[in-house]
Amino acid sequence: MLAFGGTVVYYSNDGGNTLTLPVFDQFVTGTRWQGLLVYAVPPKAKAQAVADLTAAVEAGALRVGEEAGLPLHRYPLEKTAEAQRAVQDGTIGRVLVDVGDF
């Protein structure tokens with residue numbers, strides 16, 4: 001679900017370089033698409049985004065986890081290779097790497 005005039009932000013792909021969209025539908029809904037290179041986001045902005053998302057989850061605005069149909073799979077930083085394999089193998093849900101404080 002996306003509100004009228006909403007923005008879809010993408011930051012990754014599955015190895016392809018093509019995105020195909022129904023153009024008319026984007027006009028009618030006022031949808032905006034924006035690519036985001038996470039590495040280019042300043043650290044302060046990343047920290048604020050984490051804080052804002054955490055607050056939204058805690059307030060119940062964003063549901064996550066098994067009960068919301070989006071299982072979370074957590075890996076410590078030293079098991080990042082295992083996390084990457086889980087993504088490549090099509091794990092259902094979100095694969096998270098805990099990096100500690102930043």
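The structure holds one salt bridge, a term used here for a side-chain nitrogen of Lys or Arg within 4 Å of a carboxyl oxygen of Asp or Glu. Please keep in mind that this is a predicted model, in which local features need pLDDT of at least 70 and side-chain atom pairs count only at pLDDT 80 or more, while totals for chains, interfaces and linings use all residues. Residues are numbered from 1 along each chain as its sequence is written, and side-chain values use heavy atoms, with hydrogens and water left out.

The partners in the salt bridge are arginine 74 and aspartate 98, whose closest N and O atoms are 2.9 Å apart. This pair links distant parts of the chain, since arginine 74 belongs to strand 3 and aspartate 98 to strand 4, 24 residues apart. Helices (H or I, at least four residues) and strands (E, at least two) are DSSP runs, numbered from the N terminus.

Strand 3 (residues 72-76) and strand 4 (residues 94-98) run parallel and are joined by five bridges; two strands count as paired if DSSP finds at least two bridges between them. Leucine 72 has arginine 94 as its bridge partner in strand 4. Together with helix 3 (residues 80-88), these strands make a right-handed β-α-β unit. Right-handed means that, with the strands pointing away from the viewer, the path from the first strand over the helix to the second runs clockwise.

Now to the other pair of strands. Strand 1 pairs with strand 2 (residues 32-35) in the parallel sense over four bridges. The chain crosses from strand 1 through helix 1 to strand 2, and this β-α-β crossover is right-handed. Threonine 7 stands opposite arginine 32 in strand 2.

How do some of these residues sit relative to the surface? Buried means under 20% relative accessible area, exposed over 50%, and partly exposed in between (1.4 Å probe, protein chains only).

| Residue | Relative accessible area | Class |
|---|---|---|
| Glutamine 26 | 16% | buried |
| Aspartate 98 | 36% | partly exposed |
| Valine 9 | 45% | partly exposed |
| Arginine 74 | 53% | exposed |

Glutamine 26 lies in helix 1 (residues 23-29). Leaving aside residues up to four places away in sequence, glutamine 26 touches Leu21, Thr31 and Trp33, where contact means heavy atoms within 4.5 Å. Valine 9, for its part, lies in strand 1 (residues 7-10).
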